[in-house]
Amino acid sequence: MKNKKQNSQQPIVKLEKATRFDSHKNKGLTTQQVAQRQKEGLVNFATEKKTKSIGQIIFSNIFTFFNLIYLSIATILTIFGLVQECFFMIVIVLNTAIAIFQQIRSKKTLDKLNFVTVPTATVVRDGQEISIPSTEVVLDDIIIYSTGNQISCDSVVLDGSVEVNESMLTGESDAVVKKKGTELFAGSFIVAGKCHARVNKVGKYNYVEGLSARAKVYEKPRSELLRSLKGILIFVGIIILPMLFFLWQSNAKANGFDWTQPTFGNPAFLTTLRLTAGSIISMVPVGPLLLTSIALAKSVVSLAKHKTLVQELYCIEMLARVNCLCLDKTGTLTDGTMKVVDVVDLRTTAEHYTLREIMGSFLSAQNDDNMTSRALKSHFGCPKQPVLKSTAMLAFSSQRKLSATTFGIHGTYILGAPEFILKTKDRRVDEFYKRFAKEGLRVLLLAHSPNAIFKNELPSVRKPVCIIVIEDHVRKEAPETIQWFKDHGVNVKIISGDNPQTVSAIAIRTGVEGADKYISLEGLTNLEVQKAALEYNVFGRVSPDQKALLVKTLRSKGKTVAMTGDGVNDILAMKEADCPIAMASGADAARNVSHLVLMDDNFASMPAVVREGRQVVNNIQNSTSMYYMKTWYIIFINLLLIVANFGFGMSLASPYTSNQILMLEMVVVGVSTFFLALQPNTDLLKGHFLPNLLRRCIPFSLTFILMTVAVYLLKLTNVIEMDVASVGAVTELSTIVSIAYTFCGLWALYYLCKPFDKKWKTLLFVCISLVTVSGIGALYYAGQNELFGLSPIYSILNTEQTLLLIVIVMASWFVMAGLVYLTQKRNKPKKEVLK
């Protein structure tokens, strides 16, 4: 608790005035010195934004623009004694309460997972190496950095040598060698090597804090869903005030009210107020944004059950759109439990040292802790006192595909991919290499040179010593997982730094489509890589820059790309992907640029993750159409009434009050969309959100418009007698329109529930029953002057008007069916062929 408070405060002592500690690399700071730094506030404060507080969640959900409009309308209605017209607030309160509940639940789940994945740093204190959260690092701490670590504070190298990728700061992806006395910058990450460094700056003093947000953070998910929803709300927000003015004037004219008359107790004023409020309330699409928040928050909780941490909420939308999944071989198709299965000694003369002694000394000098190193250490050992002493070292990097160590007069040993070590082909090495690679085994070559490493340059003379064959165990669930993606329209591509034959053999075993056709990207130009991106599904000998280029090319060709990664060699590609996914056990830097983290490192959980994304976004698209169908309808009807009244001198009032469409709002839209949002749906999301939404809404909205216009025309042409404006607001016309409108909403729900199963039939039956019973009850109540202090919401209809209502309701069914058919026929998607 103490550290949490401390990390949020500002430094008490300025950095330039602090007394510096010359801490030794093997001893570090003492407990007393750390306490002093904490007291001074010279701690590496967390500056990144975490999840919202509970107070912020409550505030942001209650005090929205449209909630304030609703509250203002309810306040005005209450002031003028129309409390019975405020039932619409029940829907608003329930929606807001559910959104707050789900978001708080989601926040608590995220906080628990974030606690597990908090970035850590290995520091030396009181002579002991300990792991602490990076936010608890203090000025002058000694930090040990190794491959895959993200640098948490600006530091100075004291001992060792590392290669650093500073692309997040400079935009340049080439690794920079950092030796003793050089500075490491927070935000960059280690791609090779190991070093001890002293913290030179913390918190706001770090160099990264002075950069623009563009330079220091990765790109947020490109959410079309969020952009479209906000765009619609902005549009409605812009037109709502002028429309409110003209609607008021229109309804006032129809009811014979002007401002020379008194307001309190004036029936004409109260009727104008009720009708205008009803039209404005119906027009505001507040539900979709709340529904989206609820669905996404629920999705976060659901994904957490699948041991998946969501770091960017709207990346769930990207999951729904993913049609191309890029995977690394190691750790995804395979489980990373490598073991050495064969060693072929290529030496033709007797040597002073055995292979075990050479490899043990080599591994001891490199001191790597990746999966390959663990397998090698398990087979050859890694003695604390090796027989050969290292005098120079070059750590492994994904770019050069090898590592090397010089042992003084004994020369230099080089370990890595054979084609990257040998300048010219060796027949024996080539034969073994091809044979083992075809079996899906990984082949490493150990070579020797009598010369030493000089200025990070390897000697050119190299002689094969031995071939080491490593087996990487294929996950038993991998074939089933790959098959799921194939069945659901997702193209799987394997991108690996290993030999393409090895990668192909494993891809064939797991069922990757087109796995027998593979390519090595070694030595290819950018243009050749771009051409290969769509022609192949298996890529070998891929450099980090080429991985990024492959992903970028796929996206430029219209693919929505998810990229899984766990190492520093994956980071550049992950930054290019629409949805980067990291393994929890992977490098810190990989987790930091990801939108999703697989907490159990299990590739088999990916189908559940993609399934969740598709369900959420497909259902948001379906359910929000129930809200927007009435938004477009009421905007169009309001415009027609304004034009008719001011352009043609008519006196037409708005069609209904807020209470008259309460059943539509609460049952047909409110209840049904809640269940629609939870409907299983694994269809690949195609097209764009707004056009898809309009295609769903247009048949419904157009049916409502035709139905309403027909009733007005029948009145205006005197075909059927009915009141169109009445002091008290409840008229025959408003009764017919509001009841027909509610049943039209049921017809729309019918089409959105298809294809039917038992639960959707039950939902539809319940909604129809509630609407029918409440409609009959309301019509009966219309015969009473007043009940429980409430005025009737419907007017009594005569036989002719009742028959008209029945005809309108039935006709709307056939009109909607025809419009839905035409829309579906016109927009029937063509079968997509995924390469």
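Select strand E16 (491-495) and strand E18 (residues 538-540): two bridges join them, and they run parallel. Within this pair, isoleucine 495 stands opposite phenylalanine 539 of E18. The model is predicted, so local features need pLDDT of at least 70 and side-chain atom pairs count only at pLDDT 80 or more, while totals for chains, interfaces and linings use all residues. Residues are numbered from 1 along each chain as its sequence is written, and side-chain values use heavy atoms, with hydrogens and water left out. Helices (H or I, at least four residues) and strands (E, at least two) are DSSP runs numbered from the N terminus. Two strands pair if DSSP finds at least two bridges between them.

**The eight-stranded sheet**

Now widen the selection to the open sheet of eight strands, in the order E8-E21-E20-E19-E9-E16-E18-E17, with mixed pairing. Its edge strands, each pairing on one side only, are E8 (308-310) and E17 (518-520). From one strand to the next the twist averages 20°; axes here are lines fitted to C-alpha atoms, for helices over the stretch in contact, and angles run from 0 to 180 degrees between N-to-C directions.

**The six-stranded sheet**

Next select the open sheet with the order E10-E15-E14-E13-E12-E11, in which six strands pair antiparallel. Strand E10 (334-345) and strand E11 (392-397) are the edges, and each pairs on one side only. Inside the sheet, E14 (residues 442-449) and E15 (residues 463-474) run antiparallel and are joined by seven bridges. Look for histidine 448, which stands opposite lysine 463 in E15.

**Helix H17**

Which residues of helix H17 (residues 478-487) are buried? They are Ala478, Thr481, Ile482, Trp484 and Phe485, where buried means under 20% relative accessible area, exposed over 50% and partly exposed in between (1.4 Å probe, protein chains only). These residues cover an arc of only 155° around the axis, which puts them on the same side of H17; the arc is that of the directions from the helix axis to the C-beta atoms. An α-helix has 3.6 residues a turn, so residues three or four places apart point the same way. Turn to the face away from the buried side to find the exposed residues Glu480 and Asp487. The buried residues of H17 pack against several elements, including strand E9 (324-327), E15, E16 and helix H18 (500-510); contact means heavy atoms within 4.5 Å. After H17 comes glycine 489, whose phi is positive, near 75°.

**Rings and charges**

Select Phe743, Trp747, Tyr750, Tyr751 and Trp813, which form one aromatic cluster. Rings of Phe, Tyr and Trp (its six-membered ring) pair if their centres lie within 6.5 Å; planes under 30 degrees apart count as stacked, over 60 as edge-to-face and the rest as tilted. By this rule there are 21 aromatic pairs. In one of them, tryptophan 747 and tryptophan 813 have ring centres 5.4 Å apart and planes at 85°, so the pair is edge-to-face. Tryptophan 747 lies in helix H26 (residues 732-753) and tryptophan 813 in helix H28 (residues 799-826), so the pair ties together parts 66 residues apart in sequence. At 15% relative accessibility tryptophan 747 counts as buried, whereas tryptophan 813, at 24%, counts as partly exposed.

Last, select arginine 435, which lies over the face of phenylalanine 436 at 4.5 Å from the ring centre. A charge sits over a ring if NZ of Lys or CZ of Arg is within 6 Å of the ring centre and within 35 degrees of the ring normal.
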